[in-house]
Amino acid sequence: MSEARIIMPKENCLVLQPVIVQHLGRSPALFLQQLHYWLTSESSIGVTYKGKRWIYNSIKDWANNIKTISEATIKRSIAYLRNQNVIFIESLNPNKAIRTNYYTINYERLNEIIGHEKKDDFFPIKNSIIETENKQKNLDQPIKMIYPLDQNDPIINKDSENTSKNLTYKSDFQKINKSYQVQQVEKKINNISKEMIDIWIEIVEENKQTLLLNKKRAQHLVAAFKLKFDASLDKWKSFCWKITQSKFLMGKIKKTFKASLDWALKFDIIQRIFEGDFGLTEFKEQTAIIPSNQLIDDISHQIQSVEGDEYIKTIQIILLKKNGVCTYKNWFETIKWDREGDNIILSAPNKFMFNYINTNFKKSIDLIWKKINVYGDVMLKM
């Protein structure tokens, strides 16, 4: 399929294309559009390798070129697009001591993601691909694209008439903003839910059981958090300690029953526990959760005793000690770990875990791996 069906050409370019944003997010869409512009420009920048045109630029120059997002955001966007197999990154300099990255777009993968769009939505382009292999990859002086971002005209011209085209642009822009706001709300919900489930595991389960945080459970946790616990984690913690004071709720009276998290989140059950039902007695609330160093040592020993890559084991033990038992079991024990050369590959079992790990732990794992292997990358996939 023609690359023109994937991203609009420069003479019809918008700062953001809604269809790209909807599938990949705002910042990755910005980076991808800019990379596409340079890949399809009629300048002689870049190199040809494996039949594709590749563009070199540093993170700092990408930020200066795009202007609207920071270097840190660009790094995350590049990592995300690479993990999604939307872009390829190669170190093409003949001098391997110079680790300069060259970028190109995997248009076939991009087409899989948004390939259902109508053909008429895109326009044909003239792509002046470099004719030679740059003299067998003679890249001693790589050409970077440091020119102004002249192709990115504003989406809405304030002086123009309110034509149907302008109104469409406004509508698209509003949808993008709304999508971004929804993402921020979901991120906040996930963070609150994760903290609540960690507290439950630590206090009620005594780190003996692992609970996954799925979408339905997150919704119930947040609803209870707002409506029953006054948006206070301290009140939630107090509630969990209160459950431990009931022999019935802790499964010490009836062996076939023990209070589960999902059962305890029912509003009528919460109210009964508040009122002292289920054999609850007065108790002194514990003010702190005592960390289980012995349990951390036991899990570390289990990690070491299993056959596998020693580097991966080192990362897992560092994450265990840094984040605690319940966080490790809830997130890092349920994903698949692999190593391919210099790269660590993490495979999440579902989209929910992929998004949460990518948002909350990916950067931390990157830093740990860079200390072990400065040339390595961490890639997250489903």
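**Entry 1, Gln-84.** I started with Gln-84, which sits in the loop that runs between α4 (71-83) and β3 (87-90). My helices (H or I, at least four residues) and strands (E, at least two) are DSSP runs, numbered from the N terminus. Before going on I noted that this is a predicted model, where local features need pLDDT of at least 70 and side-chain atom pairs count only at pLDDT 80 or more, while totals for chains, interfaces and linings use all residues. Residues are numbered from 1 along each chain as its sequence is written, and side-chain values use heavy atoms, with hydrogens and water left out.

Is Gln-84 buried or exposed? Gln-84 counts as buried, at 15% relative accessibility. For that call, buried means under 20% relative accessible area, exposed over 50%, and partly exposed in between (1.4 Å probe, protein chains only). I then looked up what Gln-84 touches: leaving out residues up to four places away in sequence, I got Arg-109 and Phe-354. Contact here means heavy atoms within 4.5 Å.

I stepped back for the totals. The chain has 16 helices and seven strands. Of its 382 residues, 45% count as buried. I took the contacts between residues at least 6 apart in sequence, and 69% of them join residues at least 24 apart. The chain exposes about 21500 Å², with carbon and sulfur atoms supplying 50% of it. Those areas come from the Shrake-Rupley method with a 1.4 Å probe; for residues, only the protein chains shown count as cover.

In what order do its strands lie? Four strands form an open sheet, β1-β2-β4-β3, and the pairing is antiparallel. Two strands pair if DSSP finds at least two bridges between them. β1 (47-49) and β3 are at the edges with a single partner strand each, so one side of each has no neighbour in the sheet. Neighbouring strands are turned by 40° against each other on average, direction ignored. Axes for this are lines fitted to C-alpha atoms, for helices over the stretch in contact, and angles run from 0 to 180 degrees between N-to-C directions.

Helix α2 packs on this sheet, touching β2, β3 and β4, and its direction makes about 95° with that of β4.

I then checked the pairings one by one. Strand β2 (residues 52-56) is joined to β4 by two bridges, and β3 is joined to β4 by four. Tyr-103 in β4 has Ile-55 opposite it, and Ile-89 also stands opposite Tyr-103. Tyr-56 has Tyr-102 in β4 as its bridge partner. Both faces of β4 are covered: Tyr-102 and Thr-104 are buried on one side, Tyr-103 and Ile-105 on the other.

I looked up the nonpolar cores, meaning sets of buried Ala, Val, Leu, Ile, Met, Phe, Trp, Tyr and Cys residues joined through side-chain atoms within 4.5 Å. Which residues have the most contacts inside the largest one? They are Phe-31, Ile-87 and Trp-236, in a core of 92 residues. Helix α2 (residues 26-39) gives this core its largest share, eight residues. Apart from it I found another core of six residues, including Val-47, Trp-54, Leu-92 and Tyr-102.

Leu-92 got its own check. Leu-92 sits in the loop between β3 and β4 and is buried, at 3% relative accessible area.

Phe-31 is buried at 0%. Setting aside residues up to four places away in sequence, Phe-31 touches Trp-62, Ile-66, Ile-74, Ile-78, Leu-81, Ile-87 and Tyr-103.

I ran an aromatic search and found 20 pairs in the whole structure. Rings of Phe, Tyr and Trp (its six-membered ring) pair if their centres lie within 6.5 Å; planes under 30 degrees apart count as stacked, over 60 as edge-to-face and the rest as tilted. Phe-31 and Tyr-103 make an edge-to-face pair, 6.0 Å centre to centre with 75° between the planes. Phe-31 is in helix α2 and Tyr-103 in strand β4 (residues 102-105), so this pair ties together parts 72 residues apart in sequence. Tyr-103 is buried too, at 3% relative accessibility.

Last, I noted a cluster in which ring pairs link Trp-200, Phe-229, Trp-236, Phe-239 and Phe-274.
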